[in-house]
Amino acid sequence: MVRKQATAERPKGYDAAPYNAPATATNVEDVCKPAFGPPLADEEEYQTWTPTFSIAFKLLVAVRVWSAGVLMITDCDETFNYWEPTHYLLFGSGFQTWEYSPAFGLRSYFYVGIHAAAARLLGAARFLALRGGVDEDASSKLLLFFGLRVVLAVVCAACEAKFFAVVSRRLWRQCGGYLLLLLLCSHGMWIAGVAFVPSSFAMYTTMLAVAFWLEDSLFLSVLCVAVGAIVGWPFSAALGIPIALDIVFVRRAPIRFGGWCLASLALILPPMLLTDEHFYRKLVIAPLNIVLYNVFGMLASSSSAGAGDKGTTGAAAAAAASESAAEGGGGPNVFGVAPLSFYVKNLLLVFNVASLLALVVLPACLLVGGVVMLGRRQQQQQQQQAQQPQQQQQQHPVRSLWAQWWPTGTPTWRALGSVAPMYVWVLIFFAQPHKEERFLFPVYPLLCLAAAMALHLCDVALAKLWFAAVCRLNSGGGNMARGRSGAPPASGPVMSAGTARRWSDRLRRGLVVSVLLAYGVLSLSRTVALQRNFSAPLHVYTHLHNVELDGGRVSVQSGQKGGPRAMLNVCVGKEWHRFTSNFFVPSTPSLDVEMHFVRSNFRGLLPSKFSAAHGTWGAPPHMNSVNAEEAALYFDVGKCHYLVDLDLTDDAAGDGSLEPNYARQAEWKRVHCVPYLDVPRTTHPLGRSFYLPWVSERYTVWRPYCLLRNSRLLIDQE
């Protein structure tokens, strides 16, 4: 713990003087000062060193870029709803989900278009050799994937650094230091920081919105909430409810708030509508459509199929599915429901002790406020103050108590307001039947802030309780400080101010170091376990891209060629949800490579492909909104040149006729295999959820995740 005299600017409304007990003090009043000081003052003598914005940004960039380079895609929605449309905008091919069908229009091309534009800028800056269309340099697609991830990492790090800097300046410096450590070590931020999903985008804008609110830049705060809701995820507007209540009712500026909302809409909505009109060839308000579908089970765009549709059977099927959804068969619940324990377990795994700290931030505020009030009352009794100011005597006791605990404009009031969006989010999403981990991404930084606040408040409460106990002993309030007659000893205080301060530092340092060390170790263990157990698909598809296809190791058998460029089919069956996107499937000068799905035991709707004839504005066939299986989307496994599969059994028949063990069949040759966790057979937490060196291996069961080559259709060039 570094003692440092701080000269940081104090927040507006903060006028409490710090209490600095002289190290050489021996009288009762000097020893008791720390117990009766300001309620949650920015105690300069106890402040730990906190880095500058520049240092914090560099640390965060290093961690996020590391994550961008090694983290696998953790959610198939990230692949098919965002990476694949971006791949289509760049290269003219990719998978299309039903949400992008003009018959439904639940997704906006504005969000993925921003990322596609960033990729074009990277190519223009010669970071990548992207020259439009399908690049002849096949390796550029993989570089482009990780290049976009690095952009997301830098943007996230910038938002986090801004968030940290404002918290340190406007709340407590010590709390800001804790926040930075929690963000750096967080397993949740490791995933969410570089995820290409709207909830991560909403997480960026939420950090900026709260930071600007703390700085009293209210218009920028409202604008950030609007950007996150309109461009990213409409439901993230709920995170702005506490900010709106503060502006309208506390600051009493409803007219200005309404004007800021209209100005934000005027800035954001027109370019989004124009972009979607260009791609859908009709007016589509994607944020409205997704709210209607998820909240009311309605599809506002299902009545028309788009300009490119000319009465196709696909549009009729889409309209029929939409009618079924409107009658109660649709809505997000058709994609799965989960109990409340899903989010509870997820938060405990992702944030471990920090999730517990975040839950006690409000009780911690009550505790610290109560300790301060009791200390003040004890001081007043001991010093026998004859009277209080007349104005204070006339105050209502409840209002006086509130004013002393949470005075408006002080760091405590601002701190409670800054974490209020997290509680709003929890109340809304914990009650929804359909639950996914990415739905919690927007409040991950606020959870870190709440944990940092709780740790800081517990730190302050521990110090005040300690000094209150020492003060009681020194003033004759304890048996240790009394003689047999019950009178205070004449030899002076039991413990001097300097000794009390040293022991206080040790207690507080022990508490903080223990909590942060446990958090860091558990977070690192969880991150290593995730990378070790589930990163095989990323390695297998990288091998397919860099070695198997880009290296020209195979040639197509006679009879498979079609013109100057041969067609090569890469297939996936039960592992379709772990496909890492077409950025890992190159097209070489001599081969056109296409991805296909083969039938498995999965009975839901798989993505289709963007239509070469109608592009983004034609309603593709075989689409529905009720997650009903479409058999026309399956490919004949006998025509597959490569197959990616997880070998789960030692029997060639596998667990059924639809999911045979291809790796055990004679026509399929193993090209590259990486160990993957056998989840059903690994139940111990040290094998599945956390990693402990030399111990986890005893509880882990592995299966090979393989790239298979069809020996009947391909000739090995090695």
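## Basis

Residues are numbered from 1 along each chain as its sequence is written, and side-chain values use heavy atoms, leaving out hydrogens and water. Because the model is predicted, local features need pLDDT of at least 70 and side-chain atom pairs count only at pLDDT 80 or more, while totals for chains, interfaces and linings use all residues.

## Salt bridges

The whole structure holds 23 salt bridges (a side-chain nitrogen of Lys or Arg within 4 Å of a carboxyl oxygen of Asp or Glu). Arg438 pairs with Asp77, with the closest N and O atoms 2.5 Å apart. That pair links distant parts of the chain: Arg438 sits in the loop between helix H18 (411–429) and helix H19 (444–474), Asp77 in helix H3 (residues 76–91), 361 residues apart. Helices here are DSSP runs (H or I, at least four residues), as are strands (E, at least two), numbered from the N terminus.

Arg438 also bridges to Glu436, at 2.1 Å between the closest N and O atoms. Asp75, Asp77, Glu436 and Arg438 form a salt-bridge network. Arg438 is buried at 12% relative accessibility, and Glu436 is buried at 17%. Buried means under 20% relative accessible area, exposed over 50%, and partly exposed in between (1.4 Å probe, protein chains only).

Glu594 and Lys609 meet in another salt bridge, 3.3 Å from N to O. Glu594 is in strand E4 (residues 591–597) and Lys609 in strand E5 (residues 608–609), so the pair ties together parts 15 residues apart in sequence. Glu594 is partly exposed at 32%. Lys609 is partly exposed, with a relative accessible area of 32%.

## Helix H9

In H9 (residues 218–232), 12 of the 15 residues are buried. Among them are Leu218, Cys224 and Gly232.

## Cysteines

There are two disulfides (cysteine sulfur atoms within 2.5 Å). Cys571 joins Cys640, S to S 1.9 Å. The torsion about their S-S bond is about -90°, so this disulfide is left-handed. Both Cys571 and Cys640 are buried.

Cys673 and Cys706 form a disulfide with sulfur atoms 2.0 Å apart. Their link is right-handed, with 115° about the S-S bond. Cys673 lies in strand E7 (residues 668–677) and Cys706 in strand E8 (residues 702–710), 33 residues apart. Cys673 is partly exposed at 30%, whereas Cys706 is buried at 1%. Cys224 is in no disulfide; its nearest cysteine sulfur, that of Cys159, is 8.2 Å away.

Terms used:
The expected span of a helix is 1.5 Å times one less than its number of residues.
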